[in-house]
Amino acid sequence: MTPPLGRDRLRRTIAAPSGTPTVAPQRRAVVVGGGIAGLAAATGLAERGVAVELVERQPYLGGRVGGWTVSLPDGHRTGMSRGFHAFFRQYYNLRALLARAEPDLSVLRPVPDYPLVDAHGRVDSFRGLPRTPPWNALAFALRSPTFGASGLLRVAAREALPLVDVRLPDVYTTLDDLDARTFLDRVRFPDAARHLAFDVFSRSFFAPSERLSAAELAVMFHLYFLGSAEGLVFDVPHRPFHTLWQPLATHLATHGVRVRTGVAVEGIERTGEGFRVHAGDTATAADAVVLAADVPGLRELVASSPGLGPPWWRDQVAGLATAPPFCVLRAWLDRPVDPARPAFLATGGRPPLDNVSVLDRYDTDAATWASHTGGSVVELHAYSVTDGNDARVRRDTRSRLWRRLREVYPETRAARAVSEEVLWRADCPLFPPGSFTSRPGISTPVPGLVLAGDGIRVDLPVALMERAATTGRLAANHLLAGWGAAGHDVVTVPTRGRNAALRALAARFGARPDGVAGEHAPV
Ligand SMILES: Cc1cc2nc3c(=O)[nH]c(=O)nc-3n(C[C@H](O)[C@H](O)[C@H](O)COP(=O)(O)OP(=O)(O)OC[C@H]3O[C@@H](n4cnc5c(N)ncnc54)[C@H](O)[C@@H]3O)c2cc1C
């Protein structure tokens, strides 16, 4: 069994800045945003005695991993969310956050496999692969019906070498100006394998590969494949998302955190002593503010806080990009899908469908409904939908998703949807080529003001939920260090290629300059 906080001996710990066990005299901080980044920052601060107020616009915590309930036509009340999220074993800081309230991480269940099916029905699988790089990637490639030994031989080895020694933050110097598609063209990955091994990653960033920085793609490849020995499988929470964060909310309450949900922060003023934060009818005085909003929320808030920060920093925030809209379609079907269907299936070359999950395989709410009714609960995701704000495109996407479901799971052709929920959102960050240097980081030019979130720059090999958790923790550390208090350890996969022989190869033949691995402060 995998220990809750990882087994990889090469994982890197960035030791907590030292200091007093609690902040004295006591300070007040407002955290804006109750997603993973805000929860991580609030936890880090409150555990050192800071008086924290956390303000969240939505009526629930968790942000994009938050949930609410809906009523089905048969009278059941059940959980709804943006759905399937993979909690990888190398998400050390996210797991440490969850473990604050549930030390054994019993809320997570392993997903034994997540097959990838391409347009021709070829299936790649992650089941039973070795955990340790490079054997994991090699075994995956060799047994893959879309890749195989011949595919490996066609790869442009020299162009692919940056992938075997991804160094942070050097990778942004060498690859950020390039888009992921051009990089993949240069690497000459077989087309079908590209869909599966790489496009799945780029689409997980909600972006088409031509609009994604090749450096971000390389960081993902390192984080998920070659940089980690935690294995390629992941866990999922068995509790629906509307209850997932309750234990952490209780933990925060015991540390005196005041949580205000359903209230948006409308503006932040600087005062002689710190800040005044305007939310609803109240203006809260604070020594520090953590902006842990999503990218659209952060842009809006900074724009409506005219005195906050110098123009160059405000421009950086205003320049943050969001990915095209995505669609989540959840359906409660009147009959089960084939028992052999996995909890999660990723699809390549079947637009607009990116993945299908069968919720009753892992989510207790969905499983209860399915066992009462004999039905099943499926969820379809379509990322990066061009013109996804157009009503006609949305209607068309919905019908095409249904067609794709019937194609990949033919037994659903006879099924009737007892209920259906369709969500459209466009609040995920986009990392276009060349954007890294102008991306705002955790520290800001305003003393006492820090940023956190999955769109914020951090020079560590993290992404998505783990970037949110890591930046949240680092934002808390930054403030605590300023007050002379001890921070919290941050753990990541190694900040450079883990295999000495591959590193030597990359240094000798790789198409990029040699550099020093990220031994600098990550903020
Ligand atoms: C469909 C989907 C699938 C995904 N799958 C995965 C996956 O499998 N694995 C993975 O690692 N990641 C996945 N992600 C990404 C993951 O959800 C995010 O990386 C992560 O949740 C970001 O957390 P965050 O705290 O940075 O931002 P958010 O969760 O967006 O939190 C920001 C919060 O700020 C609040 N806010 C904004 N403005 C204000 C304001 N003015 N006042 C008060 N509050 C405000 C927002 O309401 C929001 O709750 C997925 C995302 C989606 C949408």
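This is a predicted model: local features need pLDDT of at least 70, side-chain atom pairs count only at pLDDT 80 or more; totals for chains, interfaces and linings use all residues.
1. Helix α1 and helix α16. Two packed helices are described by the angle between their axes and the distance between the axes. For α1 and helix α16 (residues 464-482), the angle is about 30 degrees and the axes are 7 Å apart, and the crossing is right-handed. On the α1 side the contact involves Ile36, Ala37, Ala40, Ala41, Gly44 and Leu45, which meet Met465, Ala468, Ala469, Thr471, Gly472, Arg473, Ala476, Leu479 and Leu480 of α16. By class, the residues of this contact of α1 with α16 comprise 11 nonpolar, three polar and one charged.

2. Helix α1 and helix α11. Helix α1, which spans residues 36-46, also packs with helix α11 (residues 246-254), at an angle of about 30 degrees and with the axes 10 Å apart. Angles under 35 degrees count as roughly parallel, and α1 and α11 are therefore roughly parallel to each other. The crossing of α1 and α11 is left-handed, whereas α1 passes α16 in a right-handed crossing. The residues that meet are Leu39, Ala42 and Thr43 from α1 and Leu248, His251 and Leu252 from α11; by class, the contact of α1 with α11 has four nonpolar, two polar and no charged residues.

3. Helix α12 and helix α13. A further helix pair is formed by α12 (residues 295-303) and α13 (residues 311-318), whose axes come within 9 Å and cross at roughly 150 degrees. The crossing of α12 and α13 is left-handed. The residues of the contact of α12 with α13 divide by class into six nonpolar, no polar and two charged.

4. The second largest pocket. Rolling a probe the size of a water molecule over the atoms shows where empty space is left. The second largest pocket holds about 570 Å³ of space, and its lining consists of 22 residues, with Ala137, Leu138, Leu152, Val164 and Leu226 lying nearest the centre. Two or more lining residues come from each of α3 (135-143), α5 (157-160), α8 (191-204), α9 (214-226) and α17 (500-509), and α3 gives the most to the lining of this pocket, with five residues. What is the class make-up of the lining of the second largest pocket? The lining has 22 nonpolar residues, with no polar and no charged ones.

5. The largest cavity. Five cavities of 30 Å³ or more are found when the whole structure is searched. The largest cavity contains about 150 Å³ of space and is lined by 21 residues, of which Ser81, Pro240, Arg330, Leu359 and Asp363 are the closest to its centre. At least two residues of the lining of the largest cavity are supplied by each of β5 (77-81), β10 (234-237), α10 (241-244), β17 (326-333) and α14 (364-373); β5 gives the most, with four residues. By class, the lining of the largest cavity has 11 nonpolar, six polar and four charged residues, whereas the lining of the second largest pocket has no polar and no charged residues.

6. Cis peptide bonds. Most residues other than glycine have a negative phi, and most peptide bonds are trans. In this model the peptide bond from Ala24 to Pro25 is cis, with omega near -5 degrees, and Pro25 is placed in the loop between β1 (12-14) and β2 (28-32). The peptide bond from Pro351 to Pro352 is likewise cis, with omega near 0 degrees, and Pro352 is found in the loop that runs between β18 (344-347) and β19 (355-358).

7. A positive phi. Which phi value does Leu105 have? Phi of Leu105 is near 55 degrees, which is a positive value in a residue other than glycine. Leu105 belongs to the loop between α2 (92-101) and β7 (108-111).

Technical notes. Residues are numbered from 1 along each chain as its sequence is written. Side-chain values use heavy atoms; hydrogens and water are left out. Axes are lines fitted to C-alpha atoms, for helices over the stretch in contact, and angles run from 0 to 180 degrees between N-to-C directions. Angles under 35 degrees count as roughly parallel, over 145 as roughly antiparallel, 65 to 115 as roughly perpendicular and the rest as oblique. A crossing is left-handed if the near helix is turned anticlockwise from the far one by less than a right angle, and right-handed if clockwise. Contact means heavy atoms within 4.5 Å. Ala, Val, Leu, Ile, Met, Phe, Trp, Tyr, Cys and Pro count as nonpolar, Asp, Glu, Lys and Arg as charged, and the others, Gly among them, as polar. On a 1 Å grid over the protein atoms alone, a cavity is a set of points where a 1.4 Å probe fits but cannot get out, and a pocket is an open set with protein on both sides within 12 Å along at least five of seven lines; lining residues have an atom within 4 Å of a point. Grid points are joined across faces, edges and corners, and a volume is the space filled by probe spheres set on the points.
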